[in-house]
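This briefing collects computed features of one protein model, grouped by topic. Please keep the structure in view while reading.

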Amino acid sequence: MNIYQNITIKFHMVFKKVLISTFIIFLLVIHTVFATNKVDSLLKKVTKASTEEQITIYNQIAEELTGSNDSLAIQYANKAIILSQKTGKKKEEAIALAIIGGCQTRFFTDSTSLTTLRKSLRIFESIGVPFETIKCYTLLGVSFYNLGDFKKAQEYNFKALSMAREYKNQAHESWILYNIGNIYLSQNEYPLALDNFLSSLAVEEKRGNQEGIAYCLNDLAHIYHTIQMDSIAENYYLRSLNIFKERRYLLEQAIIYNNLGDLYSSRKQYKDAEYFFREAISIKSKLGNISSLALTYDRIGDLFFNQGIKDSADHYFQKAILFADQSGREQYKASALLGYGKSLIAGNDIRNAEKVLIQSEELAKKLDLIEVRHDALLGLSKIDSIQKRFEQSRERLSIAVHLSNYLNKENSKRQMAEMSVKYETAKKEKELITQQTLVKKQQLIMLGLALFAILVIALIVLIYRQYRIIKKTSAELSKQKEEIDIKNQKLHELDELKNRFYTNISHELRTPLTLIVGNLEVLYERESQDGQDKTIYETMLRHSRRLLDLINQLLDISKLEKGKMRLSLQKGNISQFVTLLASSYSSWAQDKRIIFNYNKIDYNCDGWFDADKLEKVIVNLLSNAFKYTPTHGTVTLTLNKDVDKYSITVSDTGEGLDNIELSKIWELFYQSETHSNKLYQGSGIGLALVKELVQLMQGDIEAASEKGKGTIFTVKLPLIYQFSNDIDSIEQTTDFIFEKPIHPVDSIKNTIEEIKPQSDSDSDLVLVVEDNNDLRHFISSNLHKKYRVIEAQDGKIGLEKALETIPDLIISDVMMPEMNGLEMTTKLKNDERTSHIPVILLTARVSQEHIIEGLETGADEYLSKPFSVKELSLRIKNLFTTRQLLRDKLCKMPELNLSEISISSLDEKLLQRAIEHIEAHMDDSDYEVTQFCSDMGMSRTNLHRKLKAITNQSTTEFIRNIRLRRAAQLLKHNAGNVSEIAYQTGFNNLSYFAKNFKELFGVSPSEYTGNEKK
């Protein structure tokens, strides 16, 4: 690369700064197409606004003016700062400072913007405003870039990039990647610059942001032009130009016209280059961009100088010098003076040439423009030689040679970077050609298959027309039908498998989400209480890690399928690694009361292995073993070394698998349908991942199982690896760092103590049935202040506790082992003893058919996970309120007419039967509770709870009130006097009868008779 090209690159760097500033303006004011009207509208609101509203309005006005009138924007931002400091509004003050800092990055060349932005950043970081913090980091990066401090610019941009990705802020992510690309480009690190520009382009294409795409294309084009890949550069420049033309972005069009002029000038296509330069000048003149005009006039001067048209060259060089003086851009002036000096030497105007080149050399020295200074010194040396000042000529030539050596070193670095980019580009093109060739081959194969299919069809038609082989054809068609039926069956099974997988994975994901959302809601409502936060945060952390583990497994499967996962090998003591990993399962074994043997390990096993992949294999196998091994069972881990291999065996004494299940365990998303413990049915990812990882590690895995006796997994792996494309890196170490394995959330503790109720003994009794210990504990802990709470860990135990205690309400999960919530609800609603109990079902299965299925069992409410604790509490309250209204209605009815009351058919039958028994013994004063319970076929306790739940009356009160209602009916129909009716309804004591009658109906029996007559 010659010195002239270096000068061109230097000026492109200047263009970069212009582009970055323009890009910043675009991102800050993209939403303000009609900024002037909006500013006027906001100014009208200021006079009527409060102080706090004025701060916001001033910041909005400053935002609107940013980029179009920075000085005015700063004035309004300063007004916002003054008011913010008076009212203590830190966030608004920081926003105003950030606006000022952003404006200062565009028209201050010193560190003024850094001071302002750092003040803003300190405030944002102290009050925790992430999106504004990202913006501050980015603007600081731009300020350091403009000051030439690339190291600091990178530091702040990378901080901003990390936060932008964390908070999924794609607009800022693209902007930051663009800035980082320009930082690398300024240092001639083309591969890194190219990578960042492509990443920015990918984000912008994903967002569909055409303006951002255009900026990225322009920078990519500049890189390709610099490394002399002009055809690609031209394509990118033209694509970028079209986008800016569509959006009428004049400054951007001018910059690309200038770039195209440089490109065609380097090709010596001078007419095309001149056209583009003049287009750039036309736009810049309209915009009044004097400094940019100086640059373009200098480029046209070079264009005419290279063609030997001296007068035109001199004219444009002089214009460039004039505009550079007016704009104060000394670097542009230095270059224009250099060009003008060369042209004067060519015209033998030695005296003026010397003056011009001396000015150029002095400016270049001051501004550290090495290329310009080098070229000016060569010109001056030549003039000294002509003037026979040989000593001075040698001195200047010596300095030029010294600068040339420096430039050669820089050129070498640049050329290495260029070669790297060209190599990567050629590699991608080769891959593309290979892919296109493969597609063509596939198209030919498809064409051949299509022709073959046509021939087969023609042959079948001919055969079909032959009468002699009608039977044979019929048999073939029958066979084809059977094959189609088999395929349809397989497709149906696949569809069922998919639905089952998504149902179960949804259940696994939604339960942890319920706990996370629920606990956060509790923290928000009640704030922090001593002794509570630790347990809640532990629960949230455990379930969050469980979710992360599931997601990571899915990602690993995806990487393996795409062939993107690689081995990272290290040499060390495999025995020590396996022992450390196994020891982390000791506490889990103790919690589950399982014997865990891992002492059969060969401690002389040294070799190469991938710690991360081996850890995932062992963790999955051990987790499966512990999940399917019952209490007091045994899990064994062994490690044996052979000559060039080692084997790891994990065995358990769990339920085991039959041959059909054993043949399917390696299939992705396969789940056993016959396994009794559906709590640990899993997602069907783990073993599929294990097999893929073992194969990646050049090993084998085998499984053996016997129903009722347990399962054994044996992994065989090499101690020394053969070279493979799957091996990414090799290092030697003996230190192992790995995270503690994530155990299934329900097996961390076998039991969680039931929470002692804080409410009194007369409060309603709630039964919580949930197989997930943490979720059950969470629900109970949020109910125990208002209600008495008892728990059950599955539907079978829940049914037993419901029949034993007759609770006032039941909250139950749907998917549980032993007996699911739907089965339990059906049994409860079909039993006279429990049919009255309201049931709320909780589930992750939220489709319409599942909701209908739940309600058809008789459930009163159906609540989907994740649910709100507030909503659950409100639904419980509403159910109890509804039941109380029903009780009140039953108590206040003068005559008990069950058809007028909304109760279940079983409850209605039970009440009807109870009334019939009392009616049959109406005149028997000795017929009391003991005989009544015997006639009903229920224990005294259960009948009392049942009647209390339906009518809010004890058994004794119920019998008495039925007698009194019958007495009222007889009195109404004048069936006798008060004494006679009292004896007819089983009352021997008239005063007791009168007292109870008045308590129920509000009047005495005689008054009741008189009222009825009236």
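How many aromatic pairs does the structure hold? The structure holds 29 aromatic pairs, where rings of Phe, Tyr and Trp (its six-membered ring) pair if their centres lie within 6.5 Å. This is a predicted model, in which local features need pLDDT of at least 70 and side-chain atom pairs count only at pLDDT 80 or more, whereas totals for chains, interfaces and linings use all residues. Residues are numbered from 1 along each chain as its sequence is written, and side-chain values use heavy atoms, with hydrogens and water left out.

**Overall architecture**

- The secondary structure of the protein chain comes to 39 helices and 13 strands; helices (H or I, at least four residues) and strands (E, at least two) are DSSP runs, numbered from the N terminus.
- Of the 1014 residues in the protein chain, 49% count as buried; buried means under 20% relative accessible area, exposed over 50%, and partly exposed in between, with a 1.4 Å probe and protein chains only.
- The accessible surface of the protein chain comes to about 51400 Å², and carbon and sulfur atoms contribute 51% of that surface; the areas come from the Shrake-Rupley method with a 1.4 Å probe, and for residues only the protein chains shown count as cover.
- Among contacts in the protein chain with a separation of 6 or more, 65% are between residues 24 or more positions apart; contact means heavy atoms within 4.5 Å.

**Aromatic pairs**

- F596 and F626 form an edge-to-face pair, with 5.2 Å centre to centre and 75° between the planes; planes under 30 degrees apart count as stacked, over 60 as edge-to-face and the rest as tilted.
- F596 lies in strand β2 (residues 595–601) and F626 in helix α25 (residues 611–627), so this pair ties together parts that are 30 residues apart in sequence.
- F596 counts as buried at 12% relative accessibility, and F626 counts as buried at 0%.
- Y787 and F880 form a tilted pair, with 5.6 Å centre to centre and 55° between the planes.
- Because Y787 lies in the loop between α28 (773–781) and β10 (788–792) while F880 lies in helix α32 (residues 869–892), the pair ties together parts that are 93 residues apart in sequence.
- Both Y787 and F880 are buried.
- A cluster of Y178, F197, Y215, F244 and Y249 is linked by ring pairs.

**A charge over a ring**

- The charged end of K159 sits over the ring of Y156, at 5.3 Å from the ring centre; the criterion is NZ of Lys or CZ of Arg within 6 Å of the ring centre and within 35 degrees of the ring normal.

**Helix α23**

- Helix α23 (residues 574–583) has seven of its ten residues buried, so the helix is largely enclosed by the rest of the structure.
- The buried residues of α23 are I574, S575, F577, V578, T579, L581 and A582.
- At the start of α23, a side-chain oxygen of N573 comes within 2.9 Å of the backbone nitrogen of S575.

**Cysteines**

- A search of the whole structure finds zero disulfides, a disulfide being a pair of cysteine sulfur atoms within 2.5 Å.
- C103 counts as buried at 0% relative accessibility, and C605 likewise counts as buried at 0%.

**Charged residues in helices**

- D314 lies in helix α16 (residues 310–327) and counts as buried at 9% relative accessibility.
- Leaving aside neighbours within four places in sequence, D314 is in contact with Y340 and S343.
- R239 lies in helix α12 (residues 230–246) and counts as partly exposed at 38% relative accessibility.
- The C-alpha atoms of R239 and A214 are separated by 7.3 Å, although these residues are 25 residues apart along the chain.

**Positive phi in loops**

- K168, which is not a glycine, has a positive phi of about 55°.
- K168 is placed in the loop between α8 (150–166) and α9 (170–186) and counts as exposed at 71% relative accessibility.
- Q698 is not a glycine, yet has a positive phi of about 60°.
- Q698 lies in the loop between α27 (686–696) and β6 (700–706) and is partly exposed, with a relative accessible area of 29%.

How values were computed: Polar contact = N/O pair within 3.5 Å; in protein donor to acceptor, adjacent residues only side chain to side chain.
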